[in-house]
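Thanks for coming, everyone. Please bring up the chain on your screens, and we will walk through it.

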Amino acid sequence: MSERTPLLHYRLSASVNESGEHHSEAGQDALDQPPSAVRRRSTPSQPQKLSTFFGVVIPTLLSMFSVVLFLRIGFVVGQCGLYQAIAMLLVAYFIISMTVLSVCAISTNGALDAGGAYYMISRALGPEFGGSIGIMFFLANVCGSALYVLGLVEAMLATFGVPEAGLDSASKYQVLPVGYWWSLLYGTGLLLVCLVVCLVGARIYAKATFIIFLVVMVVLATIFISFFAVKPQVVTLPGAFNSSHTTANFTGFKLDTLRRNLEAAYTVDYTTNTMMTFATVFAVMFNGCTGIMAGSNMSGDLKNPSYAIPRGTITAVIFTLIIYTLLIFLVACTCDRLLLQRDYSFLRDINLWHPFVTIGVYSSTLSASMSNLIGASRILYALARDDLFGEPHRASSSKPRTLVKVGLVKVGLVRLVLFSGKLNTIAAIVTIFFLLVYAAVDLACLALEWASAPNFRPTFRYFTWHTCVLGIVGCAVMMFLINPIYASASIVFMLLLLLIIHYLCPTSSWGYISQALIFHQVRKYLLMLDVRKDHVKFWRPQVLLMVTNPRASVGLITFINDIKKSGLYVLGHVQIGDLAVLPSDPLQCRYDSWLSLVDHLNIKAFVNLTLADSVRHGVQHLLFISGLGGMRPNTLVLGFYDDVPPQDQLQDRSFHSDRSLDDPALAEDQEDPLFHFPPLRGSTPDDKNQGGAWEGKALGPQEYVCIVADAMKMLKNVALARYFGQFDRQRALQGPVFVDVWPINLLRPDSSSYVDTCSLFLLQLACILSMTRTWQKAKLRLFLCVEAGRSLKGAEQKLRLLLKELRMKADIHTVPWDEQVALHWQRQQVGVAIEAEPEKGEREGGEKEQEKVIEEAQKEEEEEEEYANSFPSNTVRLSDDYLHAVNRLILDQPFAPPAVRFLYLPRPPADTRRYHNYLHQLELLSRNLGPTLLIHGVTPVITTDL
């Protein structure tokens with residue numbers, strides 16, 4: 001069930017999916033019957049949902065009215081005094097109030113399913129964060145259940161336990177043996193009772209909690225009446241405290257008693273023999289506030305969770321705050337400090353009828369324990385149903401069977417927590433777990449608010465991002481005040497769970513808040529990225545790589561990913577077509593394949609596809625519209641236009657995922673199902689019959705050179721990549737790695753400048769490549785072509801000084817090329833104006849046309865120094881013999897072959913009729929050189945300034 005479907009469909013289908021009892025046969029029968037018959041037959045099988053009062057208010061009240069109300073309210077006042085107790089209560093309720101506001105906002109923003117807080121967090125922050133917090137919340141409920149069971153055992157032993165040796169029995173009912181193992185046995189028995197009630201179902205649990213709620217309310221009423229009706233009396237202190245003080249006073253309402261109870265007086269806790277502090281007392285008292293999620297945990301059993309959770313939770317929080325405040329004030333006015341510190345069951349001793357408080361303690365703690373158990377079961381079931389931990393932990397198709405498994409797991413965990421033996425021992429752990437969960441809920445609401453997503457419009461509007469931040473800060477501060485070690489350990493444990501879930505859980509369709517936040521921040525910073533403030537010091541390559549078919553371009557795609565140096569990287573593709581005659585956009589269905597390729601190759605690139613009537617127009621579109629603001633491509637990379645047949649690298653086993661290698665069925669299939677790219681040209685029988693690799697191309701040589709010229713007109717750097725179809729980076733990087741740079745325009749032997757814009761651009765790209773982590777061991781080799789008439793050492797020294805100023809490390813090798821230059825000048829002497837194979841349109845010009853060409857060539861020679869990057873009439877002057885000689889010069893260097901070569905790419909000629917000859921010269925120059933980049937730079941990219 002995808003959560004991208006409409007909300008109404010989601011609401012209708014969620015209950016069906018959750019029940020797990022609808023079979024395909026029954027569904028088929030229902031289709032054949034009238035709707036009324038189906039409705040009559042299906043209505044009785046639907047479980048009845050709980051209302052706001054029974055599903056939220058009562059569980060929340062009973063979870064908050066538990067151990068603290070009956071057994072620890074005097075402990076808090078006796079240790080902290082009235083002032084600090086009130087301050088502690090306000091801090092605790094401030095923290096939970098901020099969390100309640102966040103819970104109300106999230107719960108009213110859409111359809112809620114089973115899982116409570118886990119469901120809210122996971123659907124807001126994603127499966128990793130939600131799953132880790134969900135497990136922490138499950139553990140918090142487990143520890144909370146153990147806490148309440150221990151509180152119930154403590155109350156039972158205080159009433160029915162056999163006194164210690166040397167003390168007389170105060171009642172004939174004190175018959176239960178006492179001791180650590182006996183307490184463990186009693187706790188286990190009570191835990192099994194809670195398990196049985198929870199397994200029966202939420203409906204029975206709601207009925208049981210309603211009866212307990214009535215009992216607790218009656219007991220609470222008797223407690224308030226007792227403060228006014230009971231006369232002052234002397235109370236015998238429990239014999240467990242070995243001290244000279246055996247009695248304490250219940251003074252009734254006295255001003256002296258109130259004055260003595262105003263200030264704090266921390267002392268040793270007689271149950272754990274540890275010194276109390278503000279943090280330890282707050283940890284105990286905060287357990288009375290941790291029940292605010294009890295109603296949220298029942299979200300799957302509520303009639304209308306979005307309506308019930310906000311109203312029920314806020315009602316319960318306000319009611320408990322009033323009760324706790326009144327009790328703290330009444331206790332401080334009527335009870336002696338010694339009584340509060342050394343008798344945690346004093347409310348029973350001062351009650352009108354002592355068994356009332358005992359019944360209230362038993363009822364509230366039992367109900368709170370059941371509430372935590374059923375909440376833990378709902379969370380664990382939701383975790384298993386979401387399949388966050390893989391196949392072994394997946395929820396069964398039978399919901400009752402799954403709930404039994406979940407119940408046994410949680411009971412086993414609670415049983416382990418019971419080994420701690422003392423209530424105050426695990427109070428700090430429980431409090432920290434709940435605080436961590438509350439902080440996560442606030443963080444989820446904060447993220448939704450900051451993301452400014454249009455679909456985040458909760459009906460509950462009494463919250464802002466300020467309340468979320470205050471809730472997070474309050475939870476974090478109190479966690480570390482209570483116990484820094486426990487707090488740090490819980491955070492580390494949560495992060496470990498986050499990493500485990502990240503690698504185990506499958507991709508979900510819930511929606512990730514991180515994507516919304518990233519979009520929000522990226523948009524903001526893109527607006528701040530001002531192109532008018534660009535500086536050459538901070539230049540980086542931002543590459544648009546045009547890809548005809550990714551099947552033959554894997555090597556080039558991975559290489560350009562290495563050379564981009566944290567810059568923008570866009571994979572561009574042009575689809576030939578006209579949208580006016582097509583029924584729909586043919587590119588929309590292809591984006592997934594391209595994005596899967598990006599993930600498969602583990603590269604950091606964007607994908608930009610366009611539809612155009614020609615490749616040239618498509619490339620122009622991409623150069624104009626790719627990127628946003630200051631992030632736009634400044635370099636165009638094209639594959640070389642030659643007759644090399646492409647090879648399908650996606651069929652290579654090394655490019656397949658491990659899944660296809662393990663599965664024989666997938667291994668037999670040559671195509672990875674993730675990549676739906678068309679077959680390569682020349683790979684089908686029809687292509688082979690039509691002429692092989694040259695046929696089937698989407699553009700011709702004339703249009704190809706036009707694309708290069710267009711990019712330079714748009715002030716884009718251009719790189720032509722040749723022989724990268726067989727490029728294997730892993731194999732290329734084995735052993736010594738070299739990158740050769742030839743920074744001279746080899747098509748202009750009469751111009752030997754090494755410091756023009758294009759040459760410096762070559763040096764910059766080569767240096768950037770060597771700075772990347774993958775190529776950091778590569779050594780740059782710079783080849784300096786020098787004629788014999790010039791000083792070899794002088795030219796080398798000047799270039800070495802330039803590299804030093806540019807902070808580049810490279811080995812400089814001088815290469816004499818007198819023989820190659822002689823071939824060029826020999827061609828010049830034969831006739832600079834005679835073309836090798838004049839085109840038909842030029843044959844009718846005669847001698848006047850030749851003289852005109854000679855004049856143009858002389859004029860271009862005069863402007864040579866001013867336009868060092870120009871390509872005047874080399875199509876006329878250069879012979880194939882010269883180009884072959886230069887090609888052999890590059891190949892015959894007495895050094896180890898490089899992994900890649902960088903060559904100077906001259907500007908295309910101004911005369912478009914010479915484009916064919918221009919491309920022919922580039923082909924001869926780079927023939928059989930291996931992976932080669934022909935590069936032309938048009939913008940300055942290097943500076944020597946600080």
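**A walk through the chain**

Let's start in helix α20, residues 484–504, where Leu 499 sits. Helices here are DSSP runs of H or I with at least four residues, strands are runs of E with at least two, and both are numbered from the N terminus. Leu 499 is partly exposed, because its relative accessibility is 48%. The cut-offs: buried is under 20% relative accessible area, exposed is over 50%, and partly exposed lies in between, with a 1.4 Å probe and protein chains only.

Some ground rules. This is a predicted model, where local features need pLDDT of at least 70 and side-chain atom pairs need pLDDT 80 or more, while totals for chains, interfaces and linings use all residues. Residues are numbered from 1 along each chain as its sequence is written, and side-chain values use heavy atoms, with hydrogens and water left out.

Now the overall numbers. The chain has 36 helices and 14 strands. It runs to 946 residues, and 52% of them count as buried. Take the contacts with a separation of 6 or more: 83% of them join residues 24 or more positions apart. Contact means heavy atoms within 4.5 Å.

Next, helix α28. It covers residues 701–713, 13 residues in total, and reaches 19 Å from first C-alpha to last, close to the 18 Å expected at 1.5 Å a residue. The expected span is 1.5 Å times one less than the number of residues. How many residues of α28 are buried? It is 10 of the 13, so the rest of the structure largely encloses this helix. Among the buried ones are Glu 703, Tyr 704, Cys 706 and Asp 710. What do the buried residues of α28 pack against? They pack against helices α24 (615–625) and α36 (915–925), plus strands β8 (635–639), β9 (717–722) and β14 (932–936). Just past the helix, Leu 715 takes a positive phi of about 60 degrees.

On to charges. Side chains of opposite charge can pair when their charged atoms come close. A salt bridge here is a side-chain nitrogen of Lys or Arg within 4 Å of a carboxyl oxygen of Asp or Glu. The count by this rule is 12. One of them joins Arg 616 and Asp 710, at 2.6 Å, N to O. That pair links distant parts of the chain: Arg 616 is in α24, Asp 710 is in α28, and 94 residues separate them. Arg 616 is partly exposed at 26% relative accessible area, whereas Asp 710 is buried at 9%.

Another salt bridge joins Arg 722 and Asp 642, at 3.2 Å, N to O. Again the link is between distant parts: Arg 722 is in strand β9, Asp 642 is in the loop between β8 and α25 (658–662), and they are 80 residues apart. Both Arg 722 and Asp 642 are buried. Salt bridges with shared partners join Asp 642, Arg 722, Glu 923 and Arg 927 into one network.

Then there is Arg 914. It forms a salt bridge with Asp 911, with the closest N and O atoms 3.8 Å apart. Arg 914 counts as buried, because its relative accessibility is 12%.

Now a contrast. Lys 564 is in the loop between α22 (554–563) and β6 (569–576). Lys 564 is buried but has no salt bridge; the nearest side chain of opposite charge, Asp 562, is 6.7 Å away. For charge, Lys and Arg count as positive, Asp and Glu as negative, and His and the chain ends are not counted. What does Lys 564 touch, leaving out residues up to four places away in sequence? Pro 541, Tyr 569 and Lys 604.

Two last stops. Arg 800 is in helix α31, residues 792–805. Arg 800 is partly exposed, because its relative accessibility is 42%. Its C-alpha is 7.5 Å from that of Ile 812, which is 12 residues away in sequence. Finally, helix α35 covers residues 880–891, and its 12 residues reach 16 Å, close to the 16 Å expected. Its buried residues include Tyr 882, Leu 883 and Asn 887.
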